[in-house]
Amino acid sequence: MTSRKNPFEYLGANDLPPDMILDYYVEDFNYSRFIQSNRNVLLVGERGCGKSMTLLYNSWAIQQRKAELDGHAPSLDLIGIYVPCNTPLTHKGEYQLCDRFQAQVISEHHLVLSIAFRIAETLARIPNALDGADVDRLRDKIEFVFAKEMPSGASLFDGLMEFVERESLETQRRINDPKTAEVAYNDTYTFSSLVAPLLGCARLMPALARSHFMLLIDDAHDLNEHQLRSLNSWIAYRDHSLFSFKVALASIGKASLRTSSGGSILEGHDYTRLNMVQPFHNEASDFGRFAGQMIARRLDKCGIEATPDTFFPVSPQLLADLKKSEETVRAEAIAKYGDDPRKVSDHVYKYKRAHYFRSRSTKANRPEYSGFDTLVFLSTGVIRNLLQPCYWMYDKMLSLSGQAEGVQGPIRGIPPSIQTEIILDRSRSLWDWLRDELGQSIEGCSSEDAGRCHQLLDQLATHFRERLLHHKSEPRAVSFTISGRTDDLMSKLNHLFRILREAQLLYIRSGSAKDKGRREWYYIPNRMLWPERGLDPHGQHARVSLSAAELWAAASENRPIAVRDEAAELKGLFDE
Amino acid sequence: MNESDSIIAFASWEERFRLGFDQIVRTAQPSQVLLYYFEEYADWTSDNRTHALNTCKTSASEFIEQKLSVATPADNWQRIRDDLRVSVTPGSRVTVDLTTMPREIIWNVFWMLDLIGCRIDYSYFRPAGYGDWLSREPQRPRLIYKLSGITRLKARTALVVLAGYDVDRTKQLMAFFEPEITLLGLQSLDKDPTNDQRMRKQREQAERFSQDGRVECFSLDAYAPDCGEEIVGQQIVGYLDSHNIVMSSLGPKPSAVSLYRLHRKHRATALAYAPSKEFSREYSRGFGEGVFGSV
């Protein structure tokens, strides 16, 4: 049966019911299987890229439900314990009123109790976990760990949850005591004194004797500095047989990798890093395939019989125009390269779409933006950026189907005209927000910073458009690298880039450089900015080399970024 | 307004600070005035602070001026704690002038005065009108020291925001706390002619936010005798057992009083502050009516 529920809901994963997580989650092409291991993993990516969804999917509660629906018993080999960090408990700041040692101790205590609670909650959900276990011995061991008696009468795990929560509440009441200005609490726990022994107790249950516990720490960037250092110290533990950490972070730059003892955890040695926001260069890339599977699944779950491509069709006029451009460009390529199929094909790839944009009349309306692959390019590799315009398009169709007489029934697709309308509207809104609201929305962004950010992106848009319309080489490049770096210029630019990243207007990736095969950072403005400026969001797998000086001049003085001729550009590719 | 042993105020460059200060000193006839200000705005507030000093000389009130910093909330809390321990005695009557006092400082001061055991009155003077923009460069929201509530480990968050004129500060609080539900209080029955239009903008934005989570709007009047306490109380009562409640006041300052009172009744609730780094020199103009009461 077809539902008119919007299939493109983009609520945060924590707001989705378990069955919807199972319905929507796609395991392929997004490294999620790395989670199901003994490794420590850091999942890094901006808001909306699927970190919470990935952790929740791998939690025991969801895996248990999955097994139930699949008709078999859930495996106890890997038990995921989901620990959310974006809670008022994490945001408490009273530790700042203590000396540094007390601050560390109280901070770790809060975090450790949260983890212990989630362990107890998860164990309580495992059916038959206590089969064959010596419950009295377990109770004794747990009481030894806590150095206190467990509540009597309750089942073991319910008693444990009650006990941990009582400890947490008591800590908070003492620290927030309105009868004293003192901030102190002495009966604290640590990871070594509570969590590790608790997991050890779990292993005493025959059913869990070989289980590995994955501590799924979500939004770790919300932890305070002491908690982050403690977490890093635990990640540095040598023995991963009993437990491992899967930690979701907005970015590594924000979170220190330092441990409590002043050392650092090392990628490769202590953890594996998964970058959740993937480069998207074409439909065959991992993200392209992932996006296709995800949308197909959502359509299917809503009873809509369509593929992503048929649900979001390309405008026939656009297809026809692109075909004409392709024929023209192919003829040029054959004239230039003769029978060399690879050179001809490369030439068509580079210039087919550029020819379409160049051959449009100056009096024509904005280009059309339609087709599923266009939506995927516009997302710039972030899942929520893909779902949002789809949501708006579907919502528009629901509104229209209610208004037009005789137009009822399921939504079978989004007409290209509606796709273009919504995309242009979203693009315009993004520029309006950048111009008018950035300074009021992003932490640490002054009005000057906001102005500079706008000028920078505005000049980049103008530069890319000039390339698209006139440049001989790489006309559709919409990302850039930075040459001529100096400490002073990069310090100023990085401040703006930090703001733009937080605003999700800019993404920074690592890729291979043309020069001697090194790695380099490249910068990709959010492609949803481009339709309003008449640019091609499909872009091209090429990066323009721009100097730090001209980028700063664009930002600070609103100076245009010159489009260099081909010879100068080739030279620029080898600049440091 | 009652006579007071002490007045605690916060200096601003606005006209209503100066005129309101004169009025409360004249009426309360305090033996002591404690005036705080932010060092980052020392130049802007210099004239008004000098005026305050002269007012106190005329009324023979002891004048104590203390510098705080926008950047160091922990130091500010400790400064206020140390000052009030020395300056204020249990059982004394203290008037807190809320007019240009940041909400975080309001709540810190209320908490300290309750700890000491004072009778707390408040005063608030409205301006005649507001500027086009009020604040910029939002900083990370934070829970108030000692008023951060009691968090239950399994409960989701319910966020209460008493909206002001800066729509983006509301959005920022929602983005930061990621609540399951946001209860958005919109000021009604306001004498400011721009209020209705601004609250309409808040409501429109709220409808857009609701794609990222549930938002329910309600109306309140922060200038009512109870500062809107009863209405806000009715909104939160259904969530006290099921959610961790975080409350923030962005609207008329008297709403900070109602949230503080509600926290005192329900200590598990948390108070949150959404700081800004930059304030408008033209934040407000003129001098309007005064509002007085007891905490």
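**Exercise 1.** Start with B:F38 in this predicted model: is B:F38 buried or exposed?

*Solution.* The relative accessibility of B:F38 is 12%. Buried means under 20%, so B:F38 counts as buried.

**Exercise 2.** What kind of aromatic pair do B:F10 and B:F38 form, and which strands hold the two residues?

*Solution.* Step one is the distance: the ring centres of B:F10 and B:F38 are 4.9 Å apart, and pairing asks for centres within 6.5 Å. Step two is the angle: the planes stand at 70°, and over 60 degrees counts as edge-to-face. The pair is edge-to-face. Step three is the location: B:F10 lies in strand 1 (residues 6–10) of chain B and B:F38 in strand 2 (residues 32–38) of chain B.

**Exercise 3.** Which residues do ring pairs link with B:W13 into a cluster?

*Solution.* Follow the ring pairs in chain B: the cluster contains B:W13, B:Y41, B:W44, B:Y130, B:F279 and B:Y283.

**Exercise 4.** Turn to charges over rings: over which rings do the charged ends of A:R298 and A:R426 sit?

*Solution.* Take the arginines one by one. The charged end of A:R298 is placed over the ring of A:Y24, 3.7 Å from the ring centre. For A:R426, the ring belongs to A:W392, and the distance to its centre is 4.2 Å. Each distance can be held against the limit of within 6 Å.

How values were computed. Residues numbered from 1 in each chain as written. Chains lettered and ligands numbered in written order. Predicted model: local features only at pLDDT ≥ 70, side-chain atom pairs only at ≥ 80, totals over all residues. Heavy atoms only, no water. Phe/Tyr/Trp six-rings, centres within 6.5 Å; stacked < 30°, edge-to-face > 60°. Helix = DSSP H or I, 4+ residues; strand = E, 2+ residues; numbered from the N terminus. Buried < 20%, exposed > 50% of the residue type's maximum accessible area, 1.4 Å probe, protein only. Lys NZ or Arg CZ within 6 Å of the ring centre and 35° of its normal.
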